[in-house]
Amino acid sequence: MQRRVYRPGLLIGLLLCPMILAAQPAAEGDNLEVLAEELVRIRGEVESLNSELNRRQDQHRNEMSSLAAQKGELEATARREQLRVDQLEEDLARNRERAEQAGIAGESLVPVAQQAIMSLRQHIDTSLPFKPQERLTALAEIETQLETGSLAPPRAINRLWGFYEDELRLTRENGLYSQVIRLDGQQVLADVARLGTVAMYFKTRDGHYGQAERSRDAWRFARLDDRAAIQRIDALFESLRKQIRTGYFELPNGAIRLESE
């Protein structure tokens, strides 16, 4: 007869086996739950990034549309200024021809000079307000000397000829100058950055920035409060101060903004 042997280790193993089998599915369940939560989190981040991407794409499209519109307006402004230059050149050529036809016989040149003075005065009144008073004063001096006879008509024609050439040179040059401007009803000394006869910006001695704005045929100086615009104008001043007169600059355009109002 075979005697049964009591084996406690085998008994404990048999007892623990169901417990292990029961614990394994529970652990797998926990892992799946963690993975599901991670998946939800990642999906949320993807959706958030996708929304941000869409927003930036819309913003980019809007900016490109705005830049395209400004480019078109700038080209139109450049064409208008070119027409003004062409008009000045035509006036200069016509007056030169009239002067040649009239010869240097004194009094016959007086009407030619008077017509040229009137044309230049109208041009200054409607052009970019770059030192208008100085330009008008110089013109008035020629006119007074012509009227009083202290300046001979041929010499007056020569000076007016030089005046035309100075006006034409303004359309080709960019630069930094000092000028008294009228701002908020007061005369203020400011540094001005002039870009041909298309745009003009100022910086007052107390740190205010602005631009010349056009409404129909009149110009005025207006302060700017937009921080981005101020930074762009400041960058322009800094470049001109360093004698950097060409390059790519993003700048507000007073001529465009008020014309569209």
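Helices (H or I, at least four residues) and strands (E, at least two) are DSSP runs, numbered from the N terminus. The structure is a predicted model, in which local features need pLDDT of at least 70 and side-chain atom pairs count only at pLDDT 80 or more, while totals for chains, interfaces and linings use all residues. Residues are numbered from 1 along each chain as its sequence is written, and side-chain values use heavy atoms, with hydrogens and water left out.

The secondary structure comprises six helices and five strands, arranged along the sequence in the pattern α-α-α-α-β-β-β-β-β-α-α. Of the 261 residues of the chain, 30% are buried, where buried denotes under 20% relative accessible area, exposed over 50%, and partly exposed in between (1.4 Å probe, protein chains only). Contact is defined as heavy atoms within 4.5 Å. Among contacts between residues at least 6 apart in sequence, 52% join residues at least 24 apart.

The nonpolar residues were examined next. A nonpolar core is a set of buried Ala, Val, Leu, Ile, Met, Phe, Trp, Tyr and Cys residues joined through side-chain atoms within 4.5 Å. The largest such core has 22 residues, and those with the most contacts inside it are Leu-120, Leu-139, Ile-142, Leu-146, Leu-160, Phe-163 and Tyr-164. Two or more residues are given to this core by each of H1, helix H2 (110-126), helix H3 (132-148) and helix H4 (153-170). The most come from H2, which gives seven residues. With neighbours within four places in sequence left aside, Leu-160 is in contact with Ala-113, Ala-116, Ile-117, Leu-120, Leu-139 and Ile-142. Another core lies apart from the largest one; it has twelve residues, among them Leu-128, Leu-183, Phe-202 and Phe-221. In soluble globular proteins, nonpolar side chains tend to be buried together.

Within H2, the buried residues are Val-110, Val-112, Ala-113, Ala-116, Ile-117, Ser-119, Leu-120, His-123 and Ile-124. The expected span of a helix is 1.5 Å times one less than its number of residues. The 17 residues of H2 should therefore span 24 Å at 1.5 Å a residue, in agreement with the 25 Å between its end C-alpha atoms. In helix H1 (residues 8-102), Thr-77 is buried, with a relative accessible area of 2%. The side chain of Thr-77 makes a polar contact with that of Arg-80 (3.0 Å). A polar contact is a pair of N or O atoms within 3.5 Å; within protein, one must be able to donate a hydrogen and the other to accept it, and residues adjacent in sequence count only if both atoms are side-chain atoms.

Aromatic rings were then considered. Rings of Phe, Tyr and Trp (its six-membered ring) pair if their centres lie within 6.5 Å, with planes under 30 degrees apart counted as stacked, over 60 as edge-to-face and the rest as tilted. The count by this rule is three aromatic pairs. The rings of Phe-202 and Phe-221 form an edge-to-face pair, because their centres are 5.9 Å apart and their planes lie at 80°. This pair links distant parts of the chain, with Phe-202 in strand E3 (residues 199-204) and Phe-221 in strand E5 (residues 218-223), 19 residues apart. Both Phe-202 and Phe-221 are buried. Tyr-209 and Phe-237 are likewise edge-to-face, their ring centres being 6.3 Å apart and their planes at 80°. Since Tyr-209 lies in strand E4 (residues 209-215) and Phe-237 in helix H5 (residues 227-241), the pair ties together parts that are 28 residues apart in sequence. Tyr-209 is buried at a relative accessible area of 9%, and Phe-237 is buried at 0%.

Gln-179 is found in strand E1 and is buried, with a relative accessible area of 3%. Leaving aside neighbours within four places in sequence, the contacts of Gln-179 include Pro-129, Phe-130, Lys-131, Val-188, Met-200 and Phe-221. A polar atom of the Gln-179 side chain lies 3.2 Å from the backbone nitrogen of Lys-131. Lys-131 is located in the loop between H2 and H3 and is partly exposed, with a relative accessible area of 23%. Its phi is near 45°, a positive value in a residue other than glycine. Asp-184, in the loop between strand E1 (174-183) and strand E2 (186-195), also has a positive phi, of about 55°, although it is not a glycine. At 57% relative accessibility, Asp-184 counts as exposed.
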